[in-house]
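This report describes a loop residue and several charged side-chain pairs. Look first at the sequence and the structure below.

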Amino acid sequence: MAPALTFFLRKDCVSCRIVWLYMLKNKIPFTTVDINEGRPVGFSGMSPLGSVPMILDDDQSISGSLAIVLYLAEKYASFAGFGQTPEMRAKVNSIVCWACGALKRDVCHNYINPSLSLQEDSLAGDANMSLISYGKTEVIFHLNTLENHYLNNSTFLCGERETFADSWVALILSLLELLSFDFSPWPKVKTWMLNMKSNCDYVDVSHQHEEKVRKCCYGINRSMADMSSV
């Protein structure tokens, strides 16, 4: 019997990788449709904005990484990865909201995309350089927050036990690898990142990302034609 869930994604999209990782970690069965290989008939009706990630669960379509993960957590995973108490769940949700809001905006849209001259976020001339400078300043602020607050006295972001907040933040920070970003000034963040990346499910959702990193950092196919978004 085919899985009830159909997962529409781009394998090189960080928001899609987040949803993908949650399903793998919690062994939720699904089939994938990679829209980079062609949009299926009827996709625009299911996703009026034409965006991914999106899941189709029977006749219910849900878009957006946060909405999807919370839906999956409640329906299929008994909130696995979000804590067992209201207090812990609130802490995890707080970090997740920060990650998919301010952190993703500053890492992706204010720093990575302008640095790679990706059309969706780049500005003209000096304005783009100003945006990159601002974005980098904000990224450093977020890394300092992780180093000096969340990871100061604990192994993971919410204590000594890994939650899905760790996965969410790590996937977004992995975008900095596209610029060969040096995490050395933040040793706790660097150690934590290496720990998160060693997970086999993380590896499974990161093959396309790693290929992008190789293209950006080692000069393989320097054309940005296939770097339209992260």
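## Terms and basis

A residue is called buried when its relative accessible area is under 20%, exposed when over 50%, and partly exposed in between (1.4 Å probe, protein chains only). The model is predicted: local features need pLDDT of at least 70, side-chain atom pairs count only at pLDDT 80 or more, and totals for chains, interfaces and linings use all residues. Residues are numbered from 1 along each chain as its sequence is written, and side-chain values use heavy atoms, with hydrogens and water left out.

## A loop residue

Asn153 sits in the loop between helix H5 (126-150) and helix H6 (164-173); helices (H or I, at least four residues) and strands (E, at least two) are DSSP runs, numbered from the N terminus. Its relative accessible area is 70%, so Asn153 is exposed. Lys188 lies 35 residues away in sequence, with a C-alpha to C-alpha distance of 9.8 Å.

## Salt bridges

A salt bridge is a side-chain nitrogen of Lys or Arg within 4 Å of a carboxyl oxygen of Asp or Glu. By this rule there are seven.

One of them joins Lys197 and Glu177, at 2.7 Å from N to O. This pair links distant parts of the chain, 20 residues apart: Lys197 is in helix H7 (residues 187-197), Glu177 in the loop between H6 and H7. Lys197 is partly exposed at 26%, whereas Glu177 is buried at 12%.

Glu211 and Arg214 form a salt bridge with their closest N and O atoms 2.8 Å apart. Both belong to helix H9 (residues 207-218), three residues apart, about one turn of the helix.
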